[in-house]
Amino acid sequence: MKISVRTLVEFLLRSGDIDEATSRRDTTKAMQEGQRIHKKIQNRMGAGYRAEVPLKNVVSFGDYELTVEGRADGIFTDSVLFLSEAGLETERPDTVVIDEIKGIYKDVMKLEAPIPVHLAQAKCYAAISVIDRQDPPYGYPGEYICVQMTYVNLDNEEERRFREIYTYEEITTWYNDLLESYRPWADLIYYGRISRQASIKALRFPFVPREGQNFLMGRVYGAVKEEKPLFIQAPTGTGKTIATVYPALKAVGDEYAETIFYLTAKTVTRKVAVDTFSLLTDKGYSGRTVEISSKDRICPLEKRECNPEKCERAKGHLDRINDCLYKVLTENKMITRPVVEEYAKEALVCPFELSLDVSSFSDAVICDYNYVFDPNVRLQRFFGDGRRGEHIFLIDESHNLLERAREMYSETLVKEEFLSVKKVMKDLYPPLVSPLEKCNKVMLTYKKRCEEILYLSDIDELCFALLNLYTAFLRMFDKKPEMVLPDEVRDFYFRIRNFLDHTEYLSKDYTIYCDFGPDNSFRLHLFCVDPAYRIQECLDFGRSAVFFSATLLPIKYYKKLLCKKEDPDAIYAKSVFPPENRKIIIGADVTSRYKNRSSDMYKKYAIYIKEIVTSKKGNYMAFFPSYIFMEKVEEYLDLAFEGILNVDGAESGNGVKIIKQNRDMTEEDRTEFLRYFEEGDEDSMDDEMALSELNEEKNAAPTLLGLCVLGGVFSEGIDLTGESLIGAIVIGTGLPQVSNRLSVLKDHFDENGENGFSYAYLYPGMNKVLQAAGRVIRTVEDRGIIALLDERFLNQDVSTCFPREWTGIEVTSAETVRDTLAAFWAK
């Protein structure tokens, strides 16, 4: 086992509060500046100063050895003053000095003593060097060693030094005591790993494999073994979650990897992953799994404020966290969000920070894409400093990663915000005014040149002005560390920081353009049109990545934009559904094209919906291209259903219940919406009275129609099996509205030899269609219908995006659709 000196002391000796104000600084830029300062000091220290000296100590902990390693910034000899036992100041020549250099933004002259964790790091280097002093190149004379802390202000390069002198016995005793305090944690890791490996060897697949599932698992295992990426088009029902997790665990058991990251885009898909790891744990897997929820979602406060003045958990969090962490780790294997919340509440610590600490001791981490791919959020404990590890990335619903990555690696600046921030800050911190005005002036020159859209190839002048503004913010943080920024200013600062960070990656993968927002604000976009390079940079942190989704079509599109490996492997998992259990129809006499929208068209869609949902009682979802379109059709639904009798002989107004997705639904609202589609067993609802009332409502209206928006929260990730959903009605081809952003995408790919329209409009639109259609037929026993209501589904460029298992598609009209579906249901 290995641990770095820095990780060791920062973990064992942390104390105090957590404060979001400390995250305002750009740690990456601080590290870059720190490295520059290190080299500058080291270069001027002379020939006798050995810089960046590697140090390593191996200590035996019974069954295993722990290697502690690091790099001393400098080692040299010097005459050192120290107090003798008699209290006299004595000079000792040729004393070995261990130099630890720290670049900080604080005023170094205000430091009264070294920061304890910094001093501890230097003392570890001193102890290791003393322990190895008989070995070349050291051969230290005498009985004393000196630890020197060199602090440098990163802005003005002012220096301050502190020296501490220790006998060999003092420094080695202190170091050995430190190691002994880490031993319980090392035991957790070592013996946990032994138990994990043994449990994986004995672990059996928990189901009878479905057709094609063994082949799928073999390819996943092979990708990990060979350190390759793999793309899997996995139709609904192939059991892709267990078929990726199980072989990944087997690869870990065979020593090909160490940690599994199961990455998701949405909470609902994260639940499936949690359930899968829980099942394997119940079957004997003894590894530790943690679920990381977002900071905002898991925070117990109504409004998250991570500072000791506003949050009692933030105050003293670091004093309490290790005891809480040890208890969580020793008492649990599946550390889900409720588990984290329970222990955090008991110990009065931040649940989000607790989950991050748990991840350091976990074998599998279930989390959002952000924690690997977003440079502002990624888990530094795993990927900091570009560290590579033996990680497996299982990327679920990976069609979502493309747009998420574009968001992560792009930034937009709004001219008017420079003036609004100036207005807020002119009295709070006047030195910000001038750099804000300069940035605004540069933006104004762009605005004068922009009519509708303006492409820019050179923004050096703006970047220089932004860098000055950013520096002014850093100076403000130094001089006024207690200042609480208004939300709009804090968000503005982070946008400036992100923008500057992204400029480091400017290439043909980026387009810089200006336009006007809906409120006529002037915007400058740094748009990452092709995020493949940035994504690959993150994938290189690990060993292998498996991309899987039910809608990775066309596969070449996703292979090109989600990684940079040459022609990565891709497989199409076999569908397990009998084709006779699914009926797919295309409504050829309607279209959602903007130019064809009219009262007659909305009315015809309403008639289609009525004919479909009254062909058989049950639960249906209709997916519309927008809220406005949904509301227009809804106006005609009452008229369409009027006077039609359902199977119970009651008028359809009583026999069909319509519910709809709203624009501002809370998590509770979404849960309530889905409850209508549950099959009504006690496991689906906590409240027996609510369950009874819901079942009464279902009996009164045996047919349920949910009106939803294509691409919204109900069009993917939800799992409605059996009779929970028997029909999906998709209105339109999902093509997004024309916009400057999509025009930029289209032009970029046209210029690079691809079909720009398909890349910008068709493929993203059809992905939404396929996701919505996939809500039907979730298990082998399910039967259901998919209605594609738009004549454009007959176009070849659209139909080539259909999955290969979509066979027997029938073209219908509003007049024939009922008979077509009745014949299917009668079989």
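A crossing of two helices is called left-handed if the near helix is turned anticlockwise from the far one by less than a right angle, and right-handed if clockwise. Helices here are DSSP runs of H or I with at least four residues, numbered from the N terminus. The model in these views is predicted, so local features need pLDDT of at least 70 and side-chain atom pairs count only at pLDDT 80 or more, while totals for chains, interfaces and linings use all residues. Residues are numbered from 1 along each chain as its sequence is written, and side-chain values use heavy atoms, with hydrogens and water left out.

**View 1. Helices H9 and H11 cross with right-handed geometry.** Two packed helices are described by the angle between their axes and the distance between the axes. Axes are lines fitted to C-alpha atoms, for helices over the stretch in contact, and angles run from 0 to 180 degrees between N-to-C directions. For H9 (residues 317–331) and H11 (residues 351–359), the axes come within 10 Å and cross at roughly 55°. That makes H9 oblique to H11; angles under 35 degrees count as roughly parallel, over 145 as roughly antiparallel, 65 to 115 as roughly perpendicular and the rest as oblique. On the H9 side, His317, Ile321, Cys324, Leu325, Val328 and Leu329 meet Glu353, Leu354, Asp357 and Val358 of H11. Contact here means heavy atoms within 4.5 Å.

**View 2. Here we look at glutamate 353, a residue of helix H11.** Is this glutamate buried or exposed, or does it fall in between? Glutamate 353 is partly exposed, with a relative accessible area of 23%; buried means under 20%, exposed over 50% and partly exposed in between, using a 1.4 Å probe and protein chains only. Not counting residues up to four places away in sequence, glutamate 353 touches Ile18 and His317. Proline 435 is 82 residues apart from glutamate 353 along the chain, and their C-alpha atoms are separated by 36 Å.

**View 3. Helices H4 and H6 meet in a left-handed crossing.** The axes of H4 (residues 168–202) and H6 (residues 240–253) come within 9 Å and cross at roughly 125°. H4 and H6 are therefore oblique to each other. From H4, the contact involves Arg196, Gln197, Ile200 and Lys201, and from H6 it involves Leu249, Lys250, Val252 and Gly253.

**View 4. Phenylalanine 373 sits in the largest nonpolar core.** A nonpolar core is a set of buried Ala, Val, Leu, Ile, Met, Phe, Trp, Tyr and Cys residues joined through side-chain atoms within 4.5 Å. The largest one has 199 residues, and Phe373 and Tyr446 have the most contacts inside it. Helix H17 (residues 460–479) gives the most to this core, with 11 residues. Leaving out residues up to four places away in sequence, phenylalanine 373 touches Leu263, Arg378, Ile395, Leu401, Met408, Tyr409, Ile535, Cys538 and Leu539.

**View 5. A salt bridge joins glutamate 667 to arginine 297.** A salt bridge is a side-chain nitrogen of Lys or Arg within 4 Å of a carboxyl oxygen of Asp or Glu, and by this rule the count comes to 51. In this pair the closest N and O atoms are 2.9 Å apart. Glutamate 667 lies in helix H24 (residues 667–675) and arginine 297 in helix H8 (residues 295–298), so the bridge ties together parts that are 370 residues apart in sequence. Glutamate 667 is partly exposed at 38% relative accessibility, and arginine 297 is partly exposed too, at 33%.

View 6. Elsewhere, salt bridges that share partners join Arg193, Arg196, Glu255, Glu258 and Asp363 into one network.

**View 7. Helix H18 holds both aspartate 491 and asparagine 498.** Aspartate 491, in H18 (residues 487–503), is partly exposed, with a relative accessible area of 34%. Asparagine 498 counts as buried, at 13% relative accessibility. Leaving aside its neighbours within four places in sequence, asparagine 498 is in contact with Asn376 and Glu411.

Methods:
Helices (H or I, at least four residues) and strands (E, at least two) are DSSP runs, numbered from the N terminus.
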